[in-house]
Amino acid sequence: MNKPSAANPPYKLPPPLFDARCKACWFSAALALLVVASFWSLDLQWAQFLSLDAARSMGRFLGEFFPPDLSPTFVAKVTVGAWETLAMSLLGTLVAAAAGLALALPASRLHAADAAWGRAPTRLLLNALRSIPELVWAALLLIAAGLGPFAGTLALALHTTGVLGRLFAESLENAPAGPGDALRAQGVGPLRVFLYATLPQVLPQLLSYTLYRWENNIRAAAVLGVVGAGGLGQLLAFHMGLFQMGKTATILGAMLAMVALVDGFSYGARRWMTR
Amino acid sequence: MSATSGLRLAPRPPARDPAWLPRLFWTSAALVLLWPLAVATEFRPWVLLEPGNLKISAQFIGSFWPLALDGEFLALVARETWRTVAIATAGITLALGVAMPLTLLSTRVLSISALSGRMARAPFWLRQGVRWLLIVLRSVPELVWALVFVRVVGLGPTAGVLAIALTYGGMLGKVYGEILESGETQATETLLRNGAGRLQAFAYGLLPTNAAELTSYTVYRWECAIRSSVVLGFVGAGGLGQQLDNSMKMFEGGEVATMLLVFIALVALADRTSAWLRKALG
């Protein structure tokens, strides 16, 4: 970068709108092209969506949501589904936090003299885990683990391991090196250096990342069932498929309430930890 | 400190971790609490190792190789990949259309009545209402929106674009509001105090101070939208996800593996682009 100066010094005219050397101009042009090409290539059915007919069917559809089905048997069923979803997200996140930490150690250069042979391959693995969404993992795992919440839990765990592993590795690398160096200079082994110097320093941050992912995972767990992986999503897909809109409304309400609850809890916990 | 006090016998360092008892207790307590979770999720990892399941998984994973690389299939994958990107891009564009007006309506910094102390009641409730609308939009998962829209407009990319537009509109609107309110607001306030309109104060005060952060968040969300547009394919919104679902149902391991690789590459590319852009924005 050149030395700092005013964006537009007073003795200069404003720059021309387009200049072949102006990166931002090319970038904006490319962006506009991308957007136009996207809309043009998708044959979106606006006519159908914006027609009176669609509006009417949308209105009817939303009208069928009321009244929500609040019969005790169904509410009990939804409660079980919600508990299953909550358990999936919690266990998936916990497993992912453990696995993420285990993978973050080889994926980070812990001190200056660390050769860190495993750094590049482990990061590649973490990226691969991370870039496949939970739902795709769930669909893949259904083959090995069968229908049900177990596949969903594993799917959440796999994707979240990728995310958390990368975040954990970054915080391990960014932790202040002083305490670890002091112990290492005394001849303390790597495990104890990690446990007594590095981990205590980064633990609040790791916990905060984990809580944040838990918030995301409760959302994901709620919909994983759509491919058959248990929880509220499975109920949702089932009753929506049968056009039982009252029941669908109850399930959606439960989903929103649960997400809001977890959000509130996690927000409070993170505030309390970083205080 | 005198030399003598330094010579006083130091207490022997503890031979083992002085906090071992609490650590042990909390670890075992956590394990006990985990038990109901494991029951609820039917968490039985050994199921994976049962001979029957193991055989099916081995067969499926074995069929990943060789990758499906014939020309026709690759052309299909390329078309669907573009479609995935296009759904994400169109969705984010519409989401911007949802988020920008709602952000302008909900930003507290742009309140004129708040300049003299408390915000008046009507604008306060308007802003609060818009906030709640944004929260509702973003807390319904995009997959649920897609399921709803598939019922209304039928299978196809329209449902996916609309689902992304609504969910991401909510997310963008909420975070834009937070960014605008957390930044330096002095310039905006000065403009408002000197008689600028709200839109002028936004365009010349609030926007320039926060433009980099707003853009970088939008780019990050575009990257996320690519991931969700694949997921939306699973409920029939078209794109890579739908093909992946089809191939998986037909146990075409080679096709699944090719598409997963393409998908990983696509996400990595979006990741790289987004990181580069955010760095360029500073």
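Helices here are DSSP runs of H or I with at least four residues, numbered from the N terminus. The model is predicted.

**View 1. Packing of helices α9 and α11 in chain B.** Helix α9 (residues 198-233) of chain B packs against helix α11 (residues 253-281) of chain B at an angle of about 175°, and their axes are 9 Å apart. Because angles over 145 degrees count as roughly antiparallel, α9(B) is roughly antiparallel to α11(B). Residues of α9(B) in this contact include A212(B), V219(B), W222(B) and I226(B), and those of α11(B) include F263(B), L266(B), A270(B) and L277(B). By class, the contact has twelve nonpolar, three polar and four charged residues.

**View 2. The side of chain B that touches chain A.** The contact takes 45 residues from chain B and 46 residues from chain A. Among the helices of chain B that each supply at least two residues to this side are α2 (20-40), α4 (71-106) and α7 (157-182). The residues on the side of chain B comprise 32 nonpolar, eight polar and five charged.

**View 3. Surroundings of A146(B) in the largest nonpolar core.** This core has 129 residues, and A146(B) is one of those with the most contacts inside it. Beyond its neighbours within four places in sequence, A146(B) is in contact with A159(B), G160(B), A163(B), L232(B), V235(B) and A237(B).

**View 4. E42(B), a residue with positive phi.** E42(B) lies in the loop between α2 and α3 of chain B. Its phi is about 50°, although E42(B) is not a glycine. E42(B) counts as partly exposed because it has 19 C-beta neighbours inside 10 Å.

Conventions:
Residues numbered from 1 in each chain as written. Chains lettered and ligands numbered in written order. Predicted model: local features only at pLDDT ≥ 70, side-chain atom pairs only at ≥ 80, totals over all residues. Axes fitted to C-alpha atoms, helices over the stretch in contact; angles between N-to-C directions. Parallel < 35°, antiparallel > 145°, perpendicular 65-115°, else oblique. Contact = placed C-beta atoms within 7 Å. Nonpolar A, V, L, I, M, F, W, Y, C, P; charged D, E, K, R; others polar. Core = buried A, V, L, I, M, F, W, Y, C linked by C-beta atoms within 7 Å. Buried ≥ 20, exposed ≤ 12 C-beta atoms within 10 Å, placed from the backbone.
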